[in-house]
Amino acid sequence: MGSAPMAYVLFQKFLKHNPKDPRWPDRDRFVLSGGHGSMLVYSLLHLTGYDLGLDELKSFRQWGSRTPGHPESFMTPGVEATTGPLGQGSANAVGMAIAERFLAARYNRPGHTIVDHHTYALVSDGDLMEGISHEAASLAGHLKLGKLIYLYDDNLISLDGPTSLSFTEDVAKRYEAYGWQTLRVGDGNTDLDSIEKAIAAAKAETGRPSIILVRTTIGYGSPNKANTHEAHGSPLGPEEVKLTKKALGFDPEKFFFIPDEALANFRTALDRGAKAQSEWLQRFEKWAAEFPELAAEWRTVQSGELPAGWESALPSFTPADKLATRESGGKVITALAAKIPNLLGGDADLSVSTKTGLKGLGNFDGKTGEGRNIRFGVREHAMGAIANGLAYHGGIRPYTATFFCFADYERPALRLAALSHLPVVFVFTHDSIGLGEDGPTHQPIEHLASLRAMPNMWVVRPGDANETVEAWRLALERKSGPTCIVLSRQAVPTVDRSKAAPAAEARKGGYVLLDAVGGAPQAVLIATGSELPIAVEAHEKLTAAGVRARVVSLPCWEAFAAQSKEYQQSVIPAEVPARVSIEAGATFGWRQWIGDRGVAIGLDRFGASAPDKVIYKELGLTADNVVKTVQGLLPSSRA
Ligand SMILES: Cc1ncc(C[n+]2csc(CCOP(=O)(O)OP(=O)(O)O)c2C)c(N)n1
Ligand SMILES: [Mg+2]
């Protein structure tokens, strides 16, 4: 209720949108970052004429409704971002503003403006307390994102009580220091003119982002609950609702009542939106006629498809190449960037190590919109949420990169990418104890298991250079969710495919790399990533010892689980109980593949600081240990 006046002014005086076409590419973006105020956005969408009936508002937060407790981008037309975990939306908005600049630079031509819109976010105290918003604001100021505007619901109250309990800094000064324009509205409850002037001033400033601190009263209009934290999350209650309606001049006995003149006022959005979009369409058609190739590219990237021939530049590797999968990943991403014009992303100050820099394509510049490498700085959390913002915006295939251990710093954004079906590619290198001397603070352990546990997240850990190519293929062909590509720091051999199954089999998530020699397998060795060569070596030793072992490469559990049961059984036969997995990470989850009697060789402890080969040996991740383990499982040796 406290932010309704500013939202009203924004929607009715400024927001360029067409409720009849929520996906119009050149609409302004509006993100309600404090997702707990979801009813505000649902009301606005209903009132301005989106496909969200009053019945949906009546079934707020109920099973099957399109009005969930917090806004979900895939659920409700007009909701641009899934918000609720505070801070995320503020960073998503930064991503949207970057996307606008990038697309404007790529597609606008002199005399032809196809991309030209603003990104607005309504942020709350909680948003601005969260660290992620600090990271995002710092980067937005650095990039001078002049079309990014925050409206800050400065109501001096959060969930537990007044902000005086824990949040007393000078927010305006902070944003000023980040390089933002700061504006104030002293009475956001009633002074609509001042709100309008402030938004106009924010739009007029094109060289830096703007934040408008709007002083409001939470629960404004409620005689007894306004300005108390009780107005934050719980319903006012029937009595107080009556009193509030009275205080605001409504009939207390009427429910979900919208006065005709109010509806008529809001519904003017339909004409405005239709007019704005049709003017845009005229411009678009002129542009498309003059630049047909550019227009064809636009249509492809807007549809989320990959351009024809995108695979043609993919490298392939031979057994002569012994290189870390981060190195082969670097070659893959460089090749892809040349073919996929909207592949845009970057790393958190680690491109030297992650190898994900797009060579020769420049650093993204927020003023010109040019450059393909976003220098996120050491800001993993905002990086993830900004990448999500790029994906929410549309027209971009975003990726990010950092060390795998720091997936923890990015994790809330990974989760929202998975929840919101965003096809973001998250590259993680230095994926295990194999990174060596940096030691246990940098060595991931439970990270694979924890990301595999996340619904709709795909985790791909390729075992050699050619599987790395396939990992990228899997990731880019996914349209309904994110993919983590998990790569090694240390060199791994490239499998000799003349003696093993083709790497293309990795697209199935798991496949028989090397089969048992001389008959049906007695044992199945299952490995991922840099432990694949260990399984291959064990296979050689077991074969020499007369044991029929099969090596299964399982780079992506989720893709494998999506195959038919028959295929899965043909790779990991249920009738072979002697199954051993080998992966330099927590063994949690492996039982699914190795069965009741199998053994998972992994790490249920933290690593150590030492050269990688020493740690592998000391912690039992060796071919000899695999051989011994297999022998211990075979019936003859158990007798
Ligand atoms: C990351 C995260 N932590 C905690 C919460 C729980 N929570 C929801 S709203 C809120 C604070 C509300 O204060 P404010 O952001 O000022 O919103 P207002 O009550 O003023 O609308 C909290 C702690 C959350 N949604 N997200
Ligand atoms: Mg507040």
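**Figure 1. Contacts across the sequence and overall dimensions of the predicted model.** Among contacts between residues at least 6 apart in sequence, 76% join residues at least 24 apart, two residues being in contact if their C-beta atoms, placed from the backbone, lie within 7 Å. This is a predicted model, in which local features need pLDDT of at least 70 and side-chain atom pairs count only at pLDDT 80 or more, whereas totals for chains, interfaces and linings use all residues. Residues are numbered from 1 along each chain as its sequence is written, while chains are lettered from A and ligands numbered from 1 in the order in which they are written. The protein contains 25 helices and 18 strands, which are DSSP runs (helices H or I, at least four residues; strands E, at least two) numbered from the N terminus. Its radius of gyration is 28 Å, close to the 26 Å that the globule rule gives for 639 residues, so the protein is as compact as a globular protein of that length; the radius is taken over C-alpha atoms, and the rule is 2.2 Å times the number of residues to the power 0.38.

**Figure 2. The contact between domain 2 and domain 3.** The domain assignment, automatic or from a database, places domain 2 at 310-493 and domain 3 at 504-638. In this contact, 34 residues of domain 2 meet 31 residues of domain 3. Helix 17 (447-452), strand 11 (458-460), helix 18 (465-477) and strand 13 (491-493) each supply at least two residues of the side of domain 2 that touches domain 3, and helix 18 gives the most, with five residues.

**Figure 3. The surroundings of ligand 1.** Ligand 1 is surrounded by 17 residues, of which the closest are Ser124, Asp125, Gly126, Ser158 and His232; a residue is near a molecule if its C-beta atom, placed from the backbone, lies within 6 Å of it.

Figure 4. Leaving aside its neighbours within four places in sequence, Val94 is in contact with Ala136, Leu139, Ala140, Leu145, Leu148, Ile386 and Gly389.
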